[in-house]
Amino acid sequence: MRSNPVGFALSVGMALIAVLFGFTLLSAGSLVGFAADDVASGPAAPDKPVSKDSIMSLTKADGAGPALSAEEAARVAAGDALFKANCAQCHAVNEQVVGPALAGITKRRSISWLIPWVKNSSKVVASGDEYAVAVYTKYNKQQMPSFALSDQEITSIFAYVNAQPAPAVALAR
Ligand code: HEC
């Protein structure tokens, strides 16, 4: 007598399991529409700090035209990794760390100045370049290390810097 409700619950449970199992099989076979949709929308999720707008402004700054290409997005991503590996211990985009904040650097300096600077800043300082001497002096003659990076890698780093959004509050500096 008492085993009846238990038996009923068991068979309901079994039925549920059977339904769920069948549904899983259907999903696996892509017969259920939303399963495929979920997979398709998945890769858009990763933590990309790069917004469409910021890439547009990067494009504008580079004078490369208004097109937003996958190539540019890839370059920014490469620059992100290179920045974190080589520069982030002394630089941030929007605030001074050991070295200056790098936001707007491509407006202050051309890429043809920046590439030799990153490769060997002391050589640029030694050449008597006015800007280089001034920034070197301002930062207590603390020499930035030289980097064995390619022109393209350095360009990627500044593409990444330009793609970073400005802070919400204007910097009082
Ligand atoms: C060990 C600390 C350190 C590291 C690492 C470093 N920098 Fe610097 N950077 C400095 C300092 C300090 C200055 C200020 C100039 C000077 O003292 O020579 C500077 C200056 C600069 C400037 C000039 C900024 C301006 O406003 O004129 C740029 C551009 C720059 N660094 C880019 C980079 C990039 C790109 C990397 C990574 C590839 C990097 N730095 C890695 C310390 C560093």
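I counted the elements and found nine helices and zero strands in the chain. Helices (H or I, at least four residues) and strands (E, at least two) are DSSP runs, numbered from the N terminus. The model is predicted: local features need pLDDT of at least 70, side-chain atom pairs count only at pLDDT 80 or more, and totals for chains, interfaces and linings use all residues. Residues are numbered from 1 along each chain as its sequence is written.

**Burial.** I looked up burial next: of the chain's 173 residues, 16% count as buried. Buried means that 20 or more other C-beta atoms, placed from the backbone, lie within 10 Å of the residue's own; exposed means 12 or fewer, and partly exposed lies in between.

**Helix α4.** Which residues of α4 are buried? I noted R75, V76, G79, D80 and F83. An α-helix has 3.6 residues a turn, so residues three or four places apart point the same way. On the face turned away from the buried side of α4 I found the exposed residues A70, E71, A74, K84 and A85.

**Ligand.** I listed 24 residues around the ligand, and C87, C90, G99, Y139 and M144 come nearest. Near means that the C-beta atom, placed from the backbone, lies within 6 Å of the molecule. α5 (105–108), α6 (111–119) and α8 (130–138) each give two or more residues to this shell. The largest share, three residues, comes from α6.
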